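The following note was prepared for a colleague who wished to have a written reading of the fold. It should be read alongside the coordinates.

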Amino acid sequence: MSGSRLAQRLVQLGFLALVAVGWQITAIRGSVSPLLLPPPAAVYREFMSLLTTGMFWPDLKITLFELAVAFSIAAVAGSSIGYLVSGSRYAIRVFDPLFAGIFAIPAILLYPLYVLFFGLGPGSKIAIGATIAFFPIVLNTISGLSRVDSAYVTAARSMGASSPQMFWSVMLPAAFPIVLTGLRMGLILAFLSILGAETIASFSGLGHQIAGLAENMDTASMFAYILFVLVIALLLNLAVSFAEARGRREGGLSAGNSATGESAARTKTKIKVPPTVARIGVVGAALVAWEAGARLFGDPLFISPPSRVFAAMIHLAGEKDVVAAVTITCWELIVAFVLSLVIGLAVGLIVGLHRFTRGSIYPIILLLYAMPLATVLPLFVIVFGIGAASKIAFGVSHGVFPIIMAVAAGVQNIKPILVTSARSMGASRRQILFSVVFPNMLPSLFTGMRLGMSAVLLGVLLAELYVSQSGVGYLTSMFTQTFQPQNLFALVAVLAAIAVALNELCRASERRLSRWQA
Amino acid sequence: MTDATPAIKVEGVTQAYGEPGDALRVIALESASLEVARGELVCLIGPSGCGKSTLLNLMGGLAMPTSGQVWIDGEMVTGPLPQKVAFVFQENALFTWRTVLDNLKLGMAFQGVPQAERESRARESLKAVGLSDFANHHPGQLSGGMKQRAQLARALGLRTEILLMDEPFAALDEQTRMVLGEDLSVLLARTGKTIVFVTHSLVEAIFLADRVAVFSARPGHIKKIISVKEQHPRNRRFMTSEKLSLLRNELYELLHDEIRKTLDQPEKEPGLPSSQAFTVEDGGKS
């Protein structure tokens, strides 16, 4: 056992060494221009000089400050709104799907709007970070508090717990692990989106620094900065995992599986309106408030009422440029998604089916996944140009990971008894693979495809927003720069609709597939 | 091969998990020997972790003993024997993504039954366990008792001479398992299969078995074999008979001390090694 573990470590080290050596050799032989790929030694020199001169400090401080403010806003808003919603089962049914639906929309789309409102300073980055971090926090707070094992609640009630006692001593500790996971996801997402926002359009911060260096073709420094951000991301991940493990230990309890959520709801109001109708009502009320606000107080240069957005939408549908842009984006999405699926399936199966690759390669994949991809976006542009290729490649770099992980997990999470029982009936290796392991993996694959789809959307749009001469992302930047809020809103609305539709499509096929899972 | 050849013969079988000398080495089963005649139903009973399930897996070739031999029909066992032995497991081993009927057909495909025969044979076995109306349901839509009947039907559809049942009714409530036990006795009388049945229930063991093999606490070995001389099919009358009560009491006396011993041991049921999870290297062959 320990022998094979040693071999796995060797494979990992070998892989890293191979990358480093291959990199150095290509750089020395000059088969790739040093402008694209500086030798690792040069990157190392730059990295050390960055560290010793402390040049990165101002940017790091800005990025971390933005992160701290954005995360605090999201944590306070998310947990308190989550607490309020979890109070009634009805509110959960109204708001939970609403938040989940909005979460599926790549919020980076809104970044041009945020730039419009908050400018290019820290404000817009804090706002985008807080927006994105809010959703996992609110969703996990709701799910944690509403799914406390009813046995705990019943037991506490039988022992005479008062309402505050119930909350502080039972509900909160029981919900803690799930809430904590939400906070962790929120923090990481805020970090990633702030870096992304800095890369796309900003005056300062680490992401801005990397993008600037890329524009000046100072690739050695750019790589050094990317390395630096990776180290920061790794440290952040470690710190958060450590805090989470500690919190879990102190929370002690893990939430029960027999989650009913019924006894957990605090109020029992009898409302006749079906939750779906109420949900539409909430969205409608928001639209009305927006319309009224925009008409009465809004500056038409910055905000547009929904009615004008709708008119703009119809108008845009007739514009050749816009139709062409949407078509290009859709093609990029499709190609990137198909590539992600093929690569993700292949890698996921290799990693999931072989114990050795699982031990050796999977940790490398997880490490790559934890990387803030936005920071390497300039690199993609340098390598693939500013055409469709870089956008597709960047989309794939986002989309493959959820699919790899879902496939690997789906293959591994098979009940051993199913394999044993197939063996007892004389199934061959091939038969076990095709009739037992693959069908067992399907629901997980579909979940991965759904997550992969929204990730691809995010990647492609980020690339289009960053630098591109076509596609929807390019148009949104243009509408922002030329102060056409009604067009910008209309385009964002269309994209959001596409995102929601794709998400729902995947969800529906997931449901259909898991019909038999009881 | 004559009728005198036992259907199953186990000789001096020992099963240990972990390397010799390892502090964590567990001897699950120690020099067990047992012969099961054709058409006989033998129950294995004993405290948790005494190696009953291990012995069943060894009989069916799902695991290989550390030492000793197992013969089926006079042939030494070296791997799964789908033509001769079918399993029913305690855990739900139905393929959740297939209907009940398709589950039965898949099992036959694994075993190598020609395509044309599968449908009719599957329907026949479903009828035998009274699940004809649920052929097109998915396992998730069935109750616990129905799932176990569906597993039994899948095993019957393989038309093997031997049926190995690993606590098939353990997850069910007592009333359901009594009824399923009666059904099994009727089925046995009709088909004349050889059955080895692992159970924790004293009454179930006496009610079903021709002979009951009583295991000691770990390291498990067969402590005593009790004969139940009663014709199949058995019914309610036997369930409430004094004969059954007396045998049950005898069994309880035999088991009581072993169970006490088990309670003082650390909780550890080795079961099948973890390599049972599917990977390509072992191809599920472990």
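1. The structure under discussion is a predicted model. Every value quoted here should be read as computed from that prediction.

2. Overall form of chain B. Chain B contains 8 helices and 10 strands. Its radius of gyration is 19 Å, close to the 19 Å that the globule rule gives for 286 residues, so chain B is as compact as a globular protein of that length. Along the principal axes, the C-alpha atoms of chain B fill a box of roughly 55 × 50 × 40 Å.

3. Interior of chain B. Of the 286 residues in chain B, 45% are buried. Among contacts in chain B with a separation of 6 or more, 69% are between residues 24 or more positions apart.

4. The sheet of chain B. An open sheet is built from 6 strands of chain B, in the order 6-7-8-3-9-10, with mixed pairing. Its edges are strand 6 (85–88) and strand 10 (222–227) of chain B, each of which pairs on one side only. From one strand to the next, the twist averages 15°.

5. A parallel pair within the sheet. Strand 3 (residues 41–45) and strand 9 (residues 211–215) of chain B run parallel and are joined by 4 bridges. Within this pair, Val42(B) has Arg211(B) of strand 9 opposite.

6. Helices on the sheet. Helix 1 (residues 52–59) of chain B packs on the sheet and touches strand 3, strand 7 (162–166), strand 8 (194–199) and strand 9 of chain B. The direction of helix 1 makes about 155° with that of strand 8 of chain B. Helix 4 (residues 144–157) of chain B also packs on the sheet, where it touches strand 6 and strand 7 of chain B. The direction of helix 4 makes about 175° with that of strand 6 of chain B.

7. Domains of chain A. The domain assignment divides chain A into domain 1 (1–32), domain 2 (56–268), domain 3 (272–300) and domain 4 (304–518).

8. Domain 1 against domain 4. Taken over C-alpha atoms, the centres of domain 1 and domain 4 of chain A are separated by 29 Å. To their contact, domain 1 of chain A contributes 6 residues and domain 4 of chain A contributes 5 residues. What is the make-up of the side of domain 1 of chain A that touches domain 4 of chain A? The residues on that side of domain 1 are 2 nonpolar, 3 polar and 1 charged.

Key:
Residues are numbered from 1 along each chain as its sequence is written. Chains are lettered from A and ligands numbered from 1 in the order in which they are written. This is a predicted model: local features need pLDDT of at least 70, side-chain atom pairs count only at pLDDT 80 or more; totals for chains, interfaces and linings use all residues. Domain bounds come from an automatic or database domain assignment. Two residues are in contact if their C-beta atoms, placed from the backbone, lie within 7 Å. Ala, Val, Leu, Ile, Met, Phe, Trp, Tyr, Cys and Pro count as nonpolar, Asp, Glu, Lys and Arg as charged, and the others, Gly among them, as polar. Two strands pair if DSSP finds at least two bridges between them. Helices (H or I, at least four residues) and strands (E, at least two) are DSSP runs, numbered from the N terminus. Axes are lines fitted to C-alpha atoms, for helices over the stretch in contact, and angles run from 0 to 180 degrees between N-to-C directions. The radius of gyration is taken over C-alpha atoms; the globule rule is 2.2 Å times the number of residues to the power 0.38. A residue is buried if 20 or more other C-beta atoms lie within 10 Å of its own, exposed if 12 or fewer, and partly exposed in between; C-beta atoms are placed from the backbone.
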